[in-house]
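Q: I am new to this structure and would like to go through its charged contacts and surface. Could we look at it together?

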Amino acid sequence: MNCELLATCSALGYLEKDSYQKEADCLESVKDLIRFLRHEDDTRDVRQQLGAGQIVQNDLLPIIIQHGQDKALFDACIRLMVNLTQPAMLCFGKVPDDPVFRHHFLQVTSHLQAYKEAFAGEAVFGILSETLYTLLQLDWEQRQEEDNLLIERILLLVRNVLHVPADPREEKKVDDDASIHDRLLWAIHMSGFDDLIKFLASAQSEQQWSLHVLEIISLMFRDQTPEALVSAGHARSAEEKHRDSQELEALRQKEQAAKRTRTLQRGTRHSRFGGSYVVEGLKSIGDRDVIYHRNVHNFKSYTHDTGKAVRRVPKRNRQARECKDKRRSALNVRLFLREFCVDFLENCYNRLMYLVKESLIREQTQQHDETYYLWALSFFMAFNRGNGFRADLVSETMAIRAFHYIERNITNYYEMLLTDRKEATSWSRRMHLALKAYQELLLTVNEMDSSQDESIRQSSSVIKSNIFYLMEYRDIFLTLLRKYDETSQPQSYLIDLVESTHLFLRMLERFCKGRKSLMFQKKKVRRRRSHGKKKPPAAETSPEALAETWKIVEEELKASGFQLSESLTESTVPFDATSETPLEEQRTEAMVRVQDALLVRLAPEALGLLRAAREVWPEGDVFGSADVEPEEELELLKQILHANLPRSSPPEPAAEEEYDAAELEEEELESVQVSEKEFNFLDFIKRFSNPSIVRPYLLLLKSYSRNTPHTNHCIARMLHRLAVDLKMEAQIFQLSVFNLFNKILSDPAAAAYTELVTFAKFVLKRFFSLAAQNNKAYVELLFWKNVGAVREMTEGYSKDGEGTKPTWSEEEEQELLKLYEEHRDSEVPDIVEALLPFLSNSTRTRRQVVMQLVHMGLVENAKALKKQKKGTQIVIWTEDQEEELQMLYEEYKDSDDVLGNLLKKLTAKRSRARVVDKLLSMGLVSERRELYKKRSRSAHGKSSGKRMTEEEFNDGLQDDPSDRDDEDKEDDESEESDEEEEQQRETQNGKRRSQSLPSTVERRPDVSAMVSALLQEDMSGPLLWLQKSLYTTAEHRKPDGLAQDVPLVPLFEENEDAMENKSFKKLLRKLGIRPPKNNQESFWRIPAQISVSQLQSAAAALSPRVEDSNGGGEQDSSRSPPGESQEEEEEEEVSGEQRAQALRALLLTRKRKHTTSGHTAAASDFSPTEETDNTPERSREKAATKRSRVLDDDDDNDEENGDDSAMAMDMETTGDADSDGEDISAPVKRRRKVVLIDEEDDED
């Protein structure tokens, strides 16, 4: 020992008999030792010297036991012992590879083991318990910083001592014998330190020590298993006795087989009289047969490898080492630990696991502390499951969030296992720990299914529906099996993986049996090239999916009793105080967040968001009143789920990104597409029919004699699913598998493996029956087979030439070369299209010609012959083109349709978006609004007393928003389609404006009665919507072109209600409109077989008869009483917007046919404006619907404007036509202004 260290240790004091006499400089000497440790080198020389001098055993422990009243000295000694007992792994960072440093590492470990033995006494833990108890008695206000430091150091000291590994060479203990670790645990129990640990875990004021407590508990139970603790103190169960008897029977049969083998052997004298034999059919090194010089009864074990040196397996290919086996502690220790587990589950588990989870989520812990959380979850939930299962004791970790957290950790561990190869063993152990936790969650859910409590079974059903619905939870076992690597993951990991997969499949199969149809979520990652900034379409949610989602959410909320955890309540923030977004908009966003949480079936998060938003925005009871009942909250959540909420569009990209279009075209993007499909259990099992998944099962089957019966059953069940359920037994036709089956069948203890024996015989029987038909089956035994190879092996191989690429003869190649040389210099836009008509083989496709040109070396690659799209080559504007654009703009800037005239007159055809951008960049226009079409309103002048049709009325309200929508699109890939669509729109709009609906179409009398009946039921609005849809479909459908079924999508609640009406459905069937075929369709559809004339005839039949409409108008107008002065004042207050809406309502009302007595007054005395004023309440009630309807009509690209003319407004006017016209035209102007302002906001 160093002389300075020796002098310092001597200055501490000395032990005289059982009394320790401390020196006067004892405290300063302890501080000096702390200072020495702070400056030790990489070999940890100071630590080794102090360990060799037994400073802890001879000085420090006697000081704290006999001089614990000296607080300063006690604190210093605790500090020094915490440093000295640090794990060797922390001192060196890792297990050193260098032999010198490895020696120092082992020396430090041996000193730590000596320290642990010295601590295994009641006196040491007695003084530690008394000190800790005294400190915990202090209130939070009275406790000083030094007291908190001392509490933490005591906990760290106990943690370090428990962490010291056992020395297998010194501790050669058998089961039920007390090891040093058991003696240490008994000392903790006798001193009452375990009770302090439980207090720290349950006390609300001591939550800062939660991770220290969990770490100590995990180290206390390091050598234990939940099953051993559950059975401690109890007699062996019948299952255990049966399992032991099976093991004994297998051993007895093996022993009897060995005895029979020995009796069959002949008595031998020495080898030279054993005889020599020639083995026919087995060649030696030369061409002759092998000569065998040993006894015949040993011939079965003969191999050519006899006498050869064993081939050394490279280190990187060796199987991963197993962790040390568990041992059974002394009975008194197991009984004490069992009682500790019971008390911990009842009083501490839920609270401690919640605190630890919060610390892990907030990253307030050290690296890899989540492993203690995973261990505690799997250990205590397994103990609870075996010790009279109670779901309330583990409710904190029995939720979807626990599944998600563990799944995320498994994924992270696997990624680190691949990247950090040097620490692959450590990452593999952490991954195994996470898998055990996941397995225990599944076992607990399975246990909840058999509970007698209905609420527990409902909670289990909710959890299962979530984990079976989401793809991440379903596919985790497929991924882990496919990625299994025996060099880094031990066999115990594979056993747990196989058993967990078996349990998951059994639960999934049972879950599917009780349901006719089960939907599941499917995610598909698509790689695509970005071609601009086109927004993806919003995903539609079917009513069936919403109903299923609401059912799951409702069950989960009712099962939880509408109670939320503290963490969820505290972490939910419905708004951002630092955001510049106004609170009103944030309120809408909060509503959307609630809907999103419901859509992904996170019921607690949605309820927490709803309650938090209610506190922030209590006015108006938008999120419910303050004293709302749980049932009312449930109804409010249901309304939010089914509501069509406005979702904010993503922000527009920056200006610089607009100039990077060329780079974006080459950029590859990954888009995750989420869809719902009906689940099929057999289709899911088919995904296990893969050699990379079957191979781990067969690898585990090799150790069948060491496996437990349950493990062998899991293996046999999976192979049975593949071979019998999927009829893929040929996938197991492999030589190594047959060799394994041969060992099982010839095993003396084969009676203990009846399931494996039966399966092996079945597979062999199927193979030999197949081999009789396929003479290549024996060759196939050498290879692992995928699904395609299995199909070929069982159904027959494909013929030569099938599935191969078409060949080109020499004559065809010469012909292609000649044609290419002729057309290469021609200025044809697409040379491949020019070559195809001249080829003698007319079956050649464009792709085949392109590939052959590349193969012959005539072109560099296929991209050079890529088919060019119209308009995509014109990107740069020349000076002549800019001058042409400027001249055309000056010529047509005062016209009604500036942009349309420019597009028609430009020499170089370009898309709308390009032309608009160029006009803005040249400064010819300052904003896009200047390019909107201008509508002429001369027909609706103030002096006009003519009747105004609904088409003219809507034309006054609309400002061709379709043009604006097209101007905002900047998709470079679809420029050609943009131009064609614009030309079609111009043509269609012109047709609609120039002509009304065809009057030559004959009405269908068979539907007139139905239409009249529906008008009686106040369904004029849905009939008008249906008529518009039929006319729109007729205009878009080409008589000689291909057509598709057109869905009828009801956008308003009025139309949705009509689609549920039996009479309305009967009318739809009468018109030839078909209902949804299956679960994949949600809407009625206009079949593609209906011709244009039939569509027009059906639409015309929906128009009511003239006498019906006139009579209805008279009756409606007759209801209005004579105007009074009060109503005239209200008429002046009604805004132009409300008047326009009222006119719309008037149009629909006049189609109704009411036969009401007592209203026979003449209708000619009242003008439309008077009638409008008499229905202000009705117009106000439908104000929001009418306004949104007008705006929605604008978004239909003017396709419905022409259809509105089918129902012309029969405006009854009096002699005062000028005033009436004034009243009608004024709201038209104001409405147009509102529409433009709304569209400006959308653009901004």
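Q: What does Arg401 form a salt bridge with?
A: In this predicted model, Arg401 forms a salt bridge with Glu605, and the closest N and O atoms are 4.0 Å apart. A salt bridge here is a side-chain nitrogen of Lys or Arg within 4 Å of a carboxyl oxygen of Asp or Glu.

Q: Where do the two residues lie in the chain?
A: The pair links distant parts of the chain, 204 residues apart: Arg401 is in helix α18 (residues 400–419) and Glu605 is in helix α27 (residues 603–616). Helices (H or I, at least four residues) and strands (E, at least two) are DSSP runs, numbered from the N terminus.

Q: How many salt bridges does the structure hold?
A: The structure holds 32 salt bridges. Glu40, Arg44 and Arg47 are linked in a network of them.

Q: And Arg338, buried or exposed?
A: Arg338 counts as buried because its relative accessibility is 13%. Buried means under 20% relative accessible area, exposed over 50%, and partly exposed in between (1.4 Å probe, protein chains only). Its salt-bridge partner is Glu339 (3.8 Å, N to O), and Glu339 is partly exposed at 43%.

Q: Which residues does the salt bridge of Arg362 involve?
A: The side chains of Arg362 and Glu358 meet at 3.4 Å, N to O. Arg362 is partly exposed at 47% relative accessibility, whereas Glu358 is buried at 16%.

Q: What should I know about the numbering and the values?
A: Residues are numbered from 1 along each chain as its sequence is written, and side-chain values use heavy atoms, leaving out hydrogens and water. Local features need pLDDT of at least 70 and side-chain atom pairs count only at pLDDT 80 or more, while totals for chains, interfaces and linings use all residues.
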